[in-house]
Amino acid sequence: MNSSKEPQAPDFLPQLTGCFAQPVRENPTVAMVEAAYRHHQLHFRYINCEVSPDNLQTAVAGAKAMGWVGFNCSLPHKVAVIEHLDGLGASAQLIGAVNTVVRRESQWIGENTDGKGFLQSLLEVIDPQDKKVTLFGAGGAARAISVELALAGVSEIIIVNRNRDRASKVVDLLNENPNCTARYHSWRETYAISPATDILINATSVGLFPHVSQQLNLNFKTIKANMVVADAIPNPPMTHLIRTARDRGCTTIDGLQMLVNQGVIGIKYWTGVDVDPAVMHKELRRVLSIEDLS
Ligand code: NDP
């Protein structure tokens, strides 16, 4: 008998992925990831899980016991999760934080895709080799972005941040890379961007919903048309910085592009499939009620 004609048993056991965070209710990653799974007919699911710091260890053990293929970690677990894993990828090791956990055979490995997602967006518009960067912020996003930029060959990164101690830690880390010079600039007064800047990035939380009218303490007239201007804020993607930079003739990268690209990288880790970013972008805009102003 031809075995190919035998009926296939239905498969009611999807591969499981998700996000462990607190709070997690408003995290939209689930919508874009599940849209990609549906579009590519991947028998996978992604679930948002509200996990308190006290329950992180048990939650990770639960994911292992249930055979999950991996999960995202968001605040406040990006550093704390490391002690529950078997190893770290190169970027996560340098950044000291994990946002994506991947099961590789019997090992649970922590990766960091925040900076990789940003770099992917950047590579679509400029070659970072030997470029000069001005970066606002020194938190987790700034650290992830700047580490990937240094690895990608930028020659200089100026970290502009209110808190000097936090910024100094990032500067010291970046200066361990011999090909990249990093320095701190204080941010007590309105900042004027050096005309030598090629790439300007906001990695602070200024402008994040619901504080949509918040503006960087920046002399916006110092933004020049030849600069690539990026904002990590995913919601709303059309921040004051992005709108101003567009008006001044700059090429821009919004935080939604970065979010989608880091999701694409995470899904590749879990499924091995290169998913279509346009599907994820469209679903994010739909669930966040973002009008297409591009
Ligand atoms: P952190 O809390 O680690 O860092 C926040 C940073 O913002 C600090 O540098 C802080 O400065 C700065 N900041 C906050 N308020 C102000 C202000 N009023 N003026 C100037 N600086 C300010 O957050 P993350 O680094 O994790 O996240 C930062 C942003 O990046 C968030 O909005 C997040 O949504 C976004 N993000 C986007 C991703 C994407 O895929 N698009 C991925 C990850 C993050 P100080 O040290 O002086 O307090």
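## Basis of the description

Helices (H or I, at least four residues) and strands (E, at least two) are DSSP runs, numbered from the N terminus. The model is predicted, so that local features need pLDDT of at least 70 and side-chain atom pairs count only at pLDDT 80 or more, whereas totals for chains, interfaces and linings use all residues. Residues are numbered from 1 along each chain as its sequence is written, and side-chain values use heavy atoms, with hydrogens and water left out.

Helix H2, residues 56-65, is followed by Gly-67, whose phi is positive, near 75°. Within H2, the residues Leu-56, Ala-59, Val-60 and Ala-63 are buried (under 20% relative accessible area, with exposed meaning over 50% and partly exposed in between, for a 1.4 Å probe and protein chains only). These four residues lie on the same side of H2 because they cover an arc of only 100° around the axis, the arc being that of the directions from the helix axis to the C-beta atoms.

On the other side of H2, Gln-57, Thr-58 and Ala-65 are exposed. The cover over the buried residues of H2 includes strands S1 (15-21), S3 (70-73) and S6 (107-111), where contact means heavy atoms within 4.5 Å.

## Packing of H1 against H9

Helix H1 (residues 29-39) packs on helix H9 (residues 277-287) at an angle of about 135°, and their axes are 8 Å apart; axes are lines fitted to C-alpha atoms, for helices over the stretch in contact, and angles run from 0 to 180 degrees between N-to-C directions. H1 is therefore oblique to H9, given that angles under 35 degrees count as roughly parallel, over 145 as roughly antiparallel, 65 to 115 as roughly perpendicular and the rest as oblique.

From H1 the contact draws on residues including Ala-31, Met-32 and Arg-38, and from H9 on residues including Val-279, Glu-283 and Val-287.

Lys-268 lies in H8, which spans residues 255-271, and counts as partly exposed because its relative accessibility is 36%. Leaving aside neighbours within four places in sequence, Lys-268 is in contact with Val-273 and Asp-274.
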